Amino acid sequence: MTRFVLMIACVLAGCKPYERVVSYDPPLAHLPGAQSQTPAKTRPNPAAAGAPAGGRIVIENEDGTVTLISRNALQMLTHIRRLVAEDEEELFTQQILSERTKREFLERGFDPAEAFKEIKRREEDLMALLARMPMGEFTPGLYLETLGPNTFRLALYGKAAQDLNWTFVDIVIEQGVWRLRWFG
């Protein structure tokens with residue numbers, strides 16, 4: 001019995017738990033002369049994780065089509081701002097507007113492209129709202145509220161919302177892509 005316990009102790013002494021550091025970037029590590037007991041680990045290549053190379057959010061495909069990347073509210077709002085300014089109704093309707101909103105337009109007897117026309121008509125309200133949330137969900141003082149499964153509201157309250165006709169944007173995540181539900 002003691003040989004068995006001794007053998008198990010020897011085997012267990014050689015085992016060590018598996019640990020893998022995916023990313024470690026200690027505070028102040030990038031200052032000149034900074035030292036750390038644990039070296040900083042770099043993050044994996046974003047291209048390997050499915051993100052576009054170079055952090056681009058507009059991809060021009062070889063066939064001439066354009067793919068808009070919206071992995072967060074900031075990217076989606078950036079696309080909306082640009083598409084409205086450039087009068088890009090088709091890209092807006094196809095790649096920014098959520099399927100739920102498109103379906104609601106169809107159920108009410110309207111073409112989903114009418115959504116773009118309405119936003120274009122209210123461009124002043126849109127730009128005033130976007131000016132108050134320049135960094136999307138990363139803007140200090142904004143609230144990202146959960147409305148339901150994969151449905152969120154990015155909202156302004158109090159003084160931040162003062163004098164605005166639109167104070168929030170509702171967002172839906174569809175197949176990993178952030179899409180516009182609507183403004184209000």
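**Exercises on burial and packing**

T101 lies in helix α4, helices (H or I, at least four residues) being DSSP runs numbered from the N terminus. The model is predicted, with local features needing pLDDT of at least 70, side-chain atom pairs counting only at pLDDT 80 or more, and totals for chains, interfaces and linings using all residues. Residues are numbered from 1 along each chain as its sequence is written, and side-chain values use heavy atoms, without hydrogens and water.

**Exercise 1.** Determine whether T101 is buried or exposed, and list what T101 touches.

*Solution.*
1. Buried means under 20% relative accessible area and exposed over 50%, with partly exposed in between (1.4 Å probe, protein chains only).
2. T101 has 2% relative accessibility and therefore counts as buried.
3. With contact meaning heavy atoms within 4.5 Å, T101 touches L180, R181 and W182, not counting residues up to four places away in sequence.

**Exercise 2.** Identify the buried residues of helix α3 and name elements that cover them.

*Solution.*
1. Helix α3 spans residues 89–96, and its buried residues are L91, F92, T93, Q95 and I96.
2. The cover over these residues includes α2 (73–85), α4 (99–107), α5 (113–121), and the strands β2 (66–68) and β6 (177–183); strands are DSSP runs (E, at least two residues).

**Exercise 3.** State which residues of the largest nonpolar core touch the most other members.

*Solution.*
1. A nonpolar core is a set of buried Ala, Val, Leu, Ile, Met, Phe, Trp, Tyr and Cys residues joined through side-chain atoms within 4.5 Å.
2. Among the 30 residues of the largest such core, M76, I80, F92, V169, L180 and F183 touch the most other members.
3. Helix α2 gives the most to this core, with six residues.
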